[in-house]
Amino acid sequence: DKQKGGSSFGVVKTIKKLSREVHVGHAGTLDPLATGLLILALGEATKLLEYFIGANKEYEVSACFGKESDTYDAEGKITSVDERVYCDSEEIKSVIKEKFIGEIDQMPPKYSALKINGKRACDILRRGGDVELKVRKVMISRFDLREFDWPKVSFRVKCGSGTYIRS
């Protein structure tokens, strides 16, 4: 159960130290703000990780509409606020059904762990560099509205590997 703020690599490092196992790996990076299941394998079991890496994922997520941050998440600096923005729950459900179910094109967030020439995009940006990412196809099989308390809304999303929920 990865906690908020920790990195997937940090969890692996801690498990290596506690277990004294040389070979420890995980089945996919979770953003530092993400909490939840981080699949780990130790020793010979690391050979099985390839069967988990591409597996579908399920997320529960909260959003605050009308605010935008420079990192597309709650950790970034708020760059704009528009309190005039409003959608009712039926409008949100309609947009989800029309644009966010099935195979969609998604632009990954610049502040992500995606590797650019061997370095994480977020690290390049934090050091003052810039990155150019490309749109990619992702699969969203289910996208449900869970709670609606405008401007805060929560969702449950079932998606394929590589999908960025905050994008």
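Reply: A salt bridge here is a side-chain nitrogen of Lys or Arg within 4 Å of a carboxyl oxygen of Asp or Glu. This is a predicted model, in which local features need pLDDT of at least 70 and side-chain atom pairs count only at pLDDT 80 or more, while totals for chains, interfaces and linings use all residues. Residues are numbered from 1 along each chain as its sequence is written, and side-chain values use heavy atoms, with hydrogens and water left out.

Me: By this rule, to how many salt bridges does the count come?
Reply: Side chains of opposite charge can pair when their charged atoms come close. Counted by the rule just given, the salt bridges come to 11.

Me: With which residue does Arg-146 form a salt bridge?
Reply: Strands are DSSP runs of E with at least two residues, helices are runs of H or I with at least four, and both are numbered from the N terminus. Arg-146 is in strand β9 and its partner is in strand β3, so that the pair links distant parts of the chain, 86 residues apart. The closest N and O atoms are 3.3 Å apart, and the partner is Glu-60.

Me: Is Arg-120 buried, partly exposed or exposed?
Reply: The side chain of Arg-120 meets that of Asp-123 in a salt bridge, at 3.0 Å from N to O. Buried means under 20% relative accessible area, exposed means over 50%, and partly exposed is in between, with a 1.4 Å probe and protein chains only. Because the relative accessible area of Arg-120 is 31%, this residue is partly exposed.

Me: By the ring rule, to how many aromatic pairs does the count come?
Reply: Rings of Phe, Tyr and Trp (its six-membered ring) pair if their centres lie within 6.5 Å; planes under 30 degrees apart count as stacked, over 60 as edge-to-face and the rest as tilted. By this rule, the count of aromatic pairs is five.

Me: Of which kind is the pair of Phe-65 and Trp-150?
Reply: The ring centres of Phe-65 and Trp-150 are 5.0 Å apart. Their planes lie at 25°, so the pair is stacked.

Me: And of which kind is the pair of Tyr-86 and Trp-150?
Reply: Phe-65, Tyr-86, Phe-148 and Trp-150 form one aromatic cluster. The rings of Tyr-86 and Trp-150 have centres 5.2 Å apart and planes at 70°, so this pair is edge-to-face.
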